[in-house]
Amino acid sequence: MTTPLRGLYAITDSTLLAEGRLLPYVEAALRGGVQVLQYRDKSTDAARRLAEASTLRDLCARYQAALIINDDLALAAELGVGLHLGQTDGSLAKARAVLGPQAIIGATCHARLDFAEQAQAEGASYLAFGRFFNSQTKPGAPAATPELLAEARARFALPLVAIGGVTRDNGAQLIAQGADLLAVVHALFAAETAAEVEHRARAFQSLFTPDC
Ligand SMILES: Cc1ncc(COP(=O)(O)OP(=O)(O)O)c(N)n1
Ligand SMILES: Cc1nc(C(=O)O)sc1CCOP(=O)(O)O
Ligand SMILES: [Mg+2]
């Protein structure tokens, strides 16, 4: 079954999900309706990264969500899952050749439509733009405006991801401007309990249903 590239896109954070929170918080997010999960871990502990990502792959499969690995083509290939690449994370065309035509491969485009053109030409599955708002997770990421999304929407048929300081309150305007997926770290996972994560995920998902 193919995961639809529309809805809430949760991204893990090794600080917020430390001390045993990774699995219960991610499972709560999946129960709440997360469609795509990105494993984002900047550490160099390859054994832990493999173990965690492998467990997340099985968890995502149970909820029919897609797992994406941030930055690490070798890990994505080993697990047979998707990959997200930034502008300095290696060749998208090579990743497409290694992972095959069905793999979900995302590309960071910041606020640059020319980066998006390039990513599309190299075989990207989705185009990620941001940061749209102040981000506690990545405060220094280049800024983008919601209007840029509308321009991208007019130009590209690929799914568009909006990232950076996205919350339940500001997400609707990004969807209105053309975002298919809202990528979120802090507003989802900076929670006291797993139950709160599930509640937040449902609230984000409701933005994508017509009756919200
Ligand atoms: C969905 C999504 N969009 C953008 C990014 C940022 O990627 P990148 O610029 O490579 O930065 P890091 O996340 O690697 O710090 C992303 N991870 N996911
Ligand atoms: C990993 C990442 N990349 C960004 C970009 O703009 O490229 S913003 C970002 C962090 C997103 O986390 P939060 O939802 O907590 O702001
Ligand atoms: Mg990266």
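Where does ligand 1 sit? Ligand 1 is found in the largest pocket. Please keep in mind that what you see here is a predicted model.

Who supplies the shell around the ligand? Two elements, β1 (7-11) and β7 (160-163), each contribute two or more residues to it. Altogether, 15 residues surround ligand 1, and the closest are Arg40, Lys42, Asp89, Thr108 and Lys138. Sorted by class, the shell splits into five nonpolar, five polar and five charged residues.

Now for the polar contacts. Let me begin with lysine 42: a polar atom of its side chain lies 2.6 Å from an oxygen atom of ligand 1. Then there is threonine 108, where a side-chain N or O atom is 2.8 Å from a ligand oxygen. Glycine 86 takes part through its backbone, with a polar atom there 3.3 Å from an oxygen of ligand 1. And how much of ligand 1 does the protein cover? On its own, the ligand has 420 Å² of accessible area, and the protein covers 90% of that.

Let me finish with the annotation. UniProt, in an unreviewed entry, gives residues 8-188 as "domain: Thiamine phosphate synthase/TenI".

Notes:
Residues numbered from 1 in each chain as written. Chains lettered and ligands numbered in written order. Predicted model: local features only at pLDDT ≥ 70, side-chain atom pairs only at ≥ 80, totals over all residues. Heavy atoms only, no water. UniProt positions renumbered as here; feature names shortened; annotations may be inferred. Near = heavy atom within 4 Å. Polar contact = N/O pair within 3.5 Å; in protein donor to acceptor, adjacent residues only side chain to side chain. Areas by Shrake-Rupley, 256 points an atom, 1.4 Å probe, with all protein chains shown as cover. 1 Å grid on protein atoms, 1.4 Å probe; cavity = no way out; pocket = protein on both sides within 12 Å on 5 of 7 lines; lining within 4 Å. Sits in = over half its atoms within 2 Å of the grid points. Helix = DSSP H or I, 4+ residues; strand = E, 2+ residues; numbered from the N terminus. Nonpolar A, V, L, I, M, F, W, Y, C, P; charged D, E, K, R; others polar.
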